[in-house]
Every structure is written in structure tokens, then in C-alpha cells.
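Subject: Structure for your files

Dear colleague,

Please find the structure below. My notes on it follow.

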Protein chains: 2
Amino acid sequence: MSTDTTRSAILTAAERLYAERGFGDVTLRDIVATAGVNLAAVNYHFGSKDELIAELFVTRSIVTNRQRLNELKAAESAGGGRAPIEAVLRALVGPTLRGCLGPDSQRSDAARFMIRAAIETIPPIRKIKNREIDHLRKFAAAMRRSLPGKPDAEIYWGLHFALAMAQQTVRDSERLLRLSEGACDLDDVDGVIDRVVAVASLALKTNMTGEAEAAERAEARKR
Amino acid sequence: MSTDTTRSAILTAAERLYAERGFGDVTLRDIVATAGVNLAAVNYHFGSKDELIAELFVTRSIVTNRQRLNELKAAESAGGGRAPIEAVLRALVGPTLRGCLGPDSQRSDAARFMIRAAIETIPPIRKIKNREIDHLRKFAAAMRRSLPGKPDAEIYWGLHFALAMAQQTVRDSERLLRLSEGACDLDDVDGVIDRVVAVASLALKTNMTGEAEAAERAEARKR
DNA sequence: GTCTATAGACTGATAGAC
DNA sequence: GTCTATCAGTCTATAGAC
């Protein structure tokens, strides 16, 4: 068995098992048994269990990030270098939600792996997430082009809230389904994307930093 | 050493170590060494490692949930049984954000433990979170009283997004701080609560289910 | 209730033969 | 690159002295 097939077999088996059973319940011995390779091969090819998980996560993240940037570029090109804020936010949250939500995501090991990664955040994955700030900065810049004059803090809060709604919907989809008893349809991925984009862009378009608004909020706080 | 002090010593030591180093890096032997008690005492008092973690999490959750309900009750009493939607949302997200954000939370083991629990979601904690749906139902009911005629799905999405923004701000505060390079002030807890409440109530007050709005969103999707 | 001592199984990681 | 064998660590769980 050549180098590449052993390596690939480990990656494929690991992704499937992590997707099915989560990170805590899968041992290296489970993975090598499924892959039909030797235990020491994991350390030889990846160095450690954490690095194996990191490789899986990085591979999948790159795909999502590229989709995001492609959508952003397409939207900005169509608008002559400036896209409406809705389009920028859609490029940001669309790929993640399409990848992790909807009926199809049940069948893809890659999608279920990324859902697990969103739920059971373990150290090797967290370290990688902390490195994606440069990627997000490109979206902050595009948002600034969409909303010239908007204070930076507002841009960052809007970006943060958009990601928060998207990621928490992936993380806690089960809770929302049970709470709403089916009233919220998570299989309608485009509908979910519309909602997240609508709320985030509504927040960004509304002036929430002016004195009048701050006073109103302070008033509401007292009530 | 009496029963209670041993039990308490284990809880105190466990909370501090989990807060400092996370769940994956702390063994029962670390805990009993810090607590100055015997290894077998953990099994005697808690049954298992997971039940020890569950006890810690439940204890802290009860405090937060009670604060939430107290604030909700106070707001609804002041309004004669119906509170403005802002007040309901504030009661929902305020206790969590006040507990986990701000300069003080750095010094409290309890706060740092809950932040860890929000970040490193492990099975025993996830099981408990799944049981808090009944608690959230009380807020859905209060929101329905605040916004009579609002479709249930809109209520649930609003509740979900409010929690998403609050919880993700706790989870990913470091990312937001680094991304914004200090432009977003997470030490201003009241300001953060204001923002979350403002965005969520804005989304709930705006009609996003009407035909005109759906058409507009469909249009925006094409652009 | 607390402790010592220990069982038995499992984990990730690695040295060294091939 | 692959394998065997093994290390040092972890876990739950328990028997039995005090």
C-alpha cells in the first residue's frame, strides 16, 4: 500500500468516525482499524492525534473560505468594486450555512465533521480558528466599502453578530428545532440565510450609535 | 474533615482547575491533589468525573436561570403582566453576559468556568443544556405577550438569534477583540447587552415575513 | 466518610526491527 | 513506510482497613 493511500485512508476513516461519534469517543485505534492500517502510521504521517484533526479541519475550512471569497468577489465585481451590504454578508454566512444545514448535510461526512467541529470545540480546532482573523478582515474591508462612513466598531459588531447567528444556528439547530416544535424550518437553507442576512444588515443600516439612539436605549434599560 | 468540606473542596478545586486549564487537560488526580483529598472521594461523592462536571455546571446554571426569571418577572410586573420586548430580551441575555463578560469575570473562577463550558462543550454539559428548553419556553411565552399577533416562528427565531449573539460573544470574545483591535469594547458589559437587545428587538419588530419583504429579500439574493 | 491499595482496561505516543 | 512491542499515563471501579 503506497504512502498516499495509507494517508488518505486514515483521513477518510477519521473524518467519518469523528462525524458519526464525535471527537471524544473516537480513539486512534478505532481509526486505524477502520482504515485498515497500522497504529504507528498515524504518528508517522501526522505526528499526533491533534495534528490529524487539524489537517481535517484545515482542509475543510479552506474550501469554505474559498467559496466565501469567490462569492464576495463576484458580488463586488457586479457592483463595480462595491457590493450592497446584504451581498457581502451573504457571501460571509452563505457557504457555512449551506455546508452545514439542510437535508443533504446529513449524508456528507465532511458536513457532519464540520458540525461536530462547531459543537465540540477542542484545542487543535480552536487554535486554527484563531488564525482565520486575516480572512475575516477581508470581509470587514468589503463591509466598509458597502457602508462608507460607518464607524469601524459598528462594522466589527455587525460582522460578529452575523457570524454569531450563522454559527449558533449550526451549533444549536437541535435546540431551536425542539423549542419551536417544527415552526422554524432549518431545511430551508436559503430561508435561514435570508434571515441571518436580513437581521445583520438591518442592524448595520440602523444608526445605533447616535446620541438619540443611545439615550433611547438607556431609557429602555430603566424600564 | 467532615463530609461537606471534602465535597466542597473537590468542587472548588475542580472549578478552579477547569477554569484555568480547560476540561481536556485536567485529570481527577489533579483535582484531588489540589483539593487535598483522596482520589476515591470523587467517586464516593459524585459517582463519576462527568457527574462532578455536571454538578458544577448545574449549580452555576441555576443561578443564571434564576436571575433571568427574576428580571423577567420584575419587568412584567412593572408593566402589568406585559413587558416591552426589549425588557424580555434583556432579562434573557443580561445575566449570561454580565456573568461572563467584563473585567471582573477574569477573577472569578465561576465565570471562567462558565466561559470554558461555553467554549469546550463536552458531553455531560451538552446533555444538561438540552434540558433547558423548558426554561427558554417561559421567555418565548413572555415574548408572545410582548408582541401579540407575531407568528410563533418569528418569536423563536428572535429568541434564538438573541441567544446566539450573546453566547457567541462570550465564546468568541477573543476573536472579536483581535479582529477589531480594541474598537469593540467588551468590558462595557451594559453596552454589549444594549447592542444585543437592540439588534434582536429590531429584528423582531420589523416585519420580515410579509410578501413585500420576502420579495425584497429574494431580489437582494439575485444581486 | 475517608482512606490505601489495587485491579483491569484503555489511551496517545514511540523505539527499533524490518 | 510499515510493523511489533511497549511505555507511561489515564480512566472507572472496588475491596477492605479505619
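In these notes a residue is called buried under 20% relative accessible area, exposed over 50%, and partly exposed in between, with a 1.4 Å probe and protein chains only. By that rule Asp194(A), at 4% relative accessibility, counts as buried.

This is a predicted model, in which local features need pLDDT of at least 70 and side-chain atom pairs count only at pLDDT 80 or more, while totals for chains, interfaces and linings use all residues. Residues are numbered from 1 along each chain as its sequence is written, chains are lettered from A and ligands numbered from 1 in the order in which they are written, and side-chain values use heavy atoms, with hydrogens and water left out.

Chain A

Chain A has 12 helices and 0 strands. Helices here are DSSP runs of H or I with at least four residues, strands are runs of E with at least two, and both are numbered from the N terminus. Along the sequence the pattern of chain A reads α-α-α-α-α-α-α-α-α-α-α-α. Along the principal axes, the C-alpha atoms of chain A fill a box of roughly 70 × 40 × 30 Å. Of the 223 residues in chain A, 53% are buried.

Salt bridges

Side chains of opposite charge can pair when their charged atoms come close. A salt bridge is counted when a side-chain nitrogen of Lys or Arg lies within 4 Å of a carboxyl oxygen of Asp or Glu. Over all chains the structure holds 36 of these salt bridges.

Asp194(A) forms one of them with Arg90(A), with the closest N and O atoms 3.1 Å apart. This pair links distant parts of the chain, as Asp194(A) is in helix H11 of chain A and Arg90(A) in helix H5 (residues 85–100) of chain A, 104 residues apart. Arg90(A) is buried, with a relative accessible area of 12%.

Arg195(A) lies in helix H11 of chain A and Glu154(B) in helix H9 (residues 152–171) of chain B, so the pair joins two chains. Glu154(B) counts as buried, at 6% relative accessibility.

Within helix H1 of chain A, Arg16(A) and Glu20(A) are 4 residues apart, about one turn of the helix. Their salt bridge has its closest N and O atoms 3.5 Å apart. Arg16(A) is partly exposed at 36% relative accessibility, and Glu20(A) is partly exposed at 37%.

There is also a network of salt bridges that links Arg116(A), Glu120(A) and Arg126(B).

Aromatic pairs

A pair of aromatic rings is described by the distance of the centres and the angle of the planes. Rings of Phe, Tyr and Trp (its six-membered ring) pair if their centres lie within 6.5 Å; planes under 30 degrees apart count as stacked, over 60 as edge-to-face and the rest as tilted. The structure holds 6 aromatic pairs over all chains.

In one of them, Phe23(A) and Phe113(A) have ring centres 5.7 Å apart and planes at 80 degrees, so the pair is edge-to-face. Phe23(A) sits in the loop between helix H1 (3–21) and helix H2 (28–35) of chain A and Phe113(A) in helix H6 (residues 109–119) of chain A, 90 residues apart, and the pair thus links distant parts of the chain. Phe23(A) is buried at 4% relative accessibility, and Phe113(A) is buried at 0%.

In chain B, the ring centres of Tyr18(B) and Phe23(B) are 4.9 Å apart and their planes are at 40 degrees, so this pair is tilted. Tyr18(B) is buried, with a relative accessible area of 0%, as is Phe23(B), with 4%.

Tyr18(A), Phe23(A) and Phe113(A) form one aromatic cluster.

A residue in chain B

Lys49(B) lies in helix H4 (residues 49–78) of chain B and is partly exposed, with a relative accessible area of 30%. From C-alpha to C-alpha, Lys49(B) and Thr27(B) are 9.0 Å apart in space, and they are 22 residues apart in sequence.

Regards
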